[in-house]
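Hello,

Here is the structure for you to look at. Please open it first, then read my notes below.

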Amino acid sequence: MLAAILLASWQLGFTAAVVAAIVDTVLHARSNSSVPAWRRSSVAERRTEMQLKRLERGGYRTLHARAIPGSEAQIDHLVVGPTGVYAVDSEKWDKRLPVRVQSHRKLFHGPFNQKPRLDEARWEASQAAELIGAELGREVTIVPSLAIYGPAIPWKVLNVREVDVFDGSRVRKWITKRERSLTDTEIDRIYEVAEQVLPARYPEN
């Protein structure tokens, strides 16, 4: 009986020590990261970034985490390429809550109406288009979108309140399946201007 108690105590103590070591390792890694927590991109943003990187060979250029001057808003990914200009906001939503749409005007994640998020995405794209267009001296169209990760999205691409909504895994197809509308020269120029008028949210020191 005593042996059994000692064995159980030893096992409990060993388990507690292992858990403590894991927690300490995680905390140590976080506190010693070379990238401040406020500058790290989200999991959703990193997944989108990986997909967009594969478009570079096709002539697409991307700016990540670009601020809208005079506001707290941010375009997660601004893509300029042969098929046009796109503002992609990456979202990680709780996969346990369903995503649904009503009359192409209302987007819900579970019971939560996502109208503010759609309006924000549309506003960000319109502001970026105005800033870039003013610098270029001509109108520029930027297509706003929400790339959602987590819950199942029961459609391929759906336009809700003038914002394209789709599963995050479809980002590349969403961009490349359109007709070519920009030349290489136009792409380079728009990219250069966008880099100037949309400052990096987290500039390098």
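**What I found**

The protein has five helices and nine strands. Helices (H or I, at least four residues) and strands (E, at least two) are DSSP runs, numbered from the N terminus. From that end, the elements run α-α-β-β-β-β-β-β-α-β-β-β-α-α.

This is a predicted model: local features need pLDDT of at least 70, side-chain atom pairs count only at pLDDT 80 or more, and totals for chains, interfaces and linings use all residues. Residues are numbered from 1 along each chain as its sequence is written, and side-chain values use heavy atoms, with hydrogens and water left out.

**The whole protein**

Of the 205 residues, 40% are buried. Buried means under 20% relative accessible area, exposed means over 50%, and partly exposed is in between (1.4 Å probe, protein chains only). The protein exposes about 12300 Å², and carbon and sulfur atoms supply 55% of that area. Accessible areas come from the Shrake-Rupley method with a 1.4 Å probe; for residues, only the protein chains shown count as cover.

Now the contacts, meaning heavy atoms within 4.5 Å. Take those in the protein with a separation of 6 or more: residues 24 or more positions apart account for 61% of them.

**Helix H2**

Which residues of H2 are buried? In this helix (residues 43–53), they are Ala44, Glu45, Thr48, Gln51 and Leu52. Seen down the axis of H2, its buried residues fall within an arc of 125 degrees, so they line one face of the helix. The arc is that of the directions from the helix axis to the C-beta atoms. An α-helix has 3.6 residues a turn, so residues three or four places apart point the same way.

On the other side of H2, Met50 and Lys53 are exposed. The cover over the buried residues of H2 includes strands S1 (61–67), S2 (74–81), S3 (84–92) and S7 (142–149). Helix H4 (171–176) is also part of that cover.

**Helices H3 and H5**

The axes of H3 (residues 115–136) and H5 (residues 184–197) come within 9 Å and cross at roughly 115 degrees. Axes are lines fitted to C-alpha atoms, for helices over the stretch in contact, and angles run from 0 to 180 degrees between N-to-C directions.

From H3, Leu131, Ile132, Glu135 and Leu136 take part in the contact. They meet Arg189, Ile190, Val193, Ala194, Gln196 and Val197 in H5.

Serine 145 lies in strand S7. It is buried, with a relative accessible area of 1%. Leaving out residues up to four places away in sequence, serine 145 touches Ala87, Val88, Asp89, Val163, Asp164, Phe166 and Trp174.

Phenylalanine 166 sits in strand S9 (residues 163–167). Its relative accessibility is 0%, so it counts as buried. Beyond four places in sequence, the contacts of phenylalanine 166 include Ser145, Leu146, Ile153 and Trp174. Phenylalanine 166 and isoleucine 153 are 13 residues apart in sequence and 6.7 Å apart in space, C-alpha to C-alpha.

**Two positive phi values**

Alanine 65 is in strand S1. Its phi is near 50 degrees, a positive value in a residue other than glycine. Is alanine 65 buried or exposed? At 15% relative accessibility, alanine 65 counts as buried.

Serine 103 is in the loop between strand S4 (99–102) and strand S5 (106–109). Phi of serine 103 is near 55 degrees, also positive in a residue other than glycine. Serine 103 counts as exposed, at 68% relative accessibility.

Best wishes
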